[in-house]
Amino acid sequence: MVNPVFNIASFYFGWFVCLFGVTQGLPWLGTAIMAALITVHILLVDKPRRELMLIVIVCLFGTALDSILMISGLYLFAYHTNPFICPSWMTALWAGFASTLNHSMRWMNGRYLLGAIFGAIGGPVSYYAGLRLGAVNFLQPFWFTIASLSVLWSLIVPSCLWCARNTGRLTRH
């Protein structure tokens, strides 16, 4: 198993580089760094195939969700011109998030109510940080966007925890 401290530190480093890159007009930078971090992560885990499947599932879900929210007019991403799909650095952030589920967030395994509370707070805080750093712009009133993200993330985290717990049952080792 990957060291939880190393895991969360890697995620936050990748998260910061993704947002820093966007605000500096280098959106590819965070995507490249997060891809390198995920590659190292996959090389270090006990069950790389299971972990990769989880990361792909969460990335597909997260990319679809952020794209829908962007298209619906909840928010826009800085330096992003494709009106149909969220930027690659957001997909990279989803990959980084997925890499924490079986490691630094393992303590929430099976504790879905706790995951919901964690998501209701942590999800909006992350987007708020993105707003403050200039990586995302809220298009709706602040309270509405934060409340919407809180409700969504209270469902996302438990769903991702369930997926992390059950992905191993879907793959052969």
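Residues are numbered from 1 along each chain as its sequence is written. In this predicted model local features need pLDDT of at least 70, side-chain atom pairs count only at pLDDT 80 or more, and totals for linings use all residues.

Q: How many cavities of 30 Å³ or more does a search of the whole structure find?
A: Rolling a probe the size of a water molecule over the atoms shows where empty space is left. A cavity is a set of points on a 1 Å grid where a 1.4 Å probe fits but cannot get out, and its lining residues have an atom within 4 Å of a point. The search finds 2 such cavities.

Q: Which residues line the largest cavity?
A: Among them are Val-2, Phe-6, Met-34, His-41 and Ser-99. Helices (DSSP runs of H or I, at least four residues) are numbered from the N terminus; α1 (4-23), α2 (27-44) and α4 (88-100) each supply at least two lining residues.

Q: At what angle do α2 and α4 pack?
A: Two packed helices are described by the angle between their axes and the distance between the axes. Here the angle is about 25°, with the axes of α2 and α4 8 Å apart. α2 is therefore roughly parallel to α4 (angles under 35 degrees count as roughly parallel).

Q: Which residues of α2 meet α4?
A: Contact means heavy atoms within 4.5 Å. Pro-27, Thr-31, Met-34, Ile-38 and His-41 in α2 meet residues of α4 including Trp-89 and Gly-96.

Methods. Side-chain values use heavy atoms; hydrogens and water are left out. On a 1 Å grid over the protein atoms alone, a cavity is a set of points where a 1.4 Å probe fits but cannot get out, and a pocket is an open set with protein on both sides within 12 Å along at least five of seven lines; lining residues have an atom within 4 Å of a point. Grid points are joined across faces, edges and corners, and a volume is the space filled by probe spheres set on the points. Axes are lines fitted to C-alpha atoms, for helices over the stretch in contact, and angles run from 0 to 180 degrees between N-to-C directions. Angles under 35 degrees count as roughly parallel, over 145 as roughly antiparallel, 65 to 115 as roughly perpendicular and the rest as oblique.
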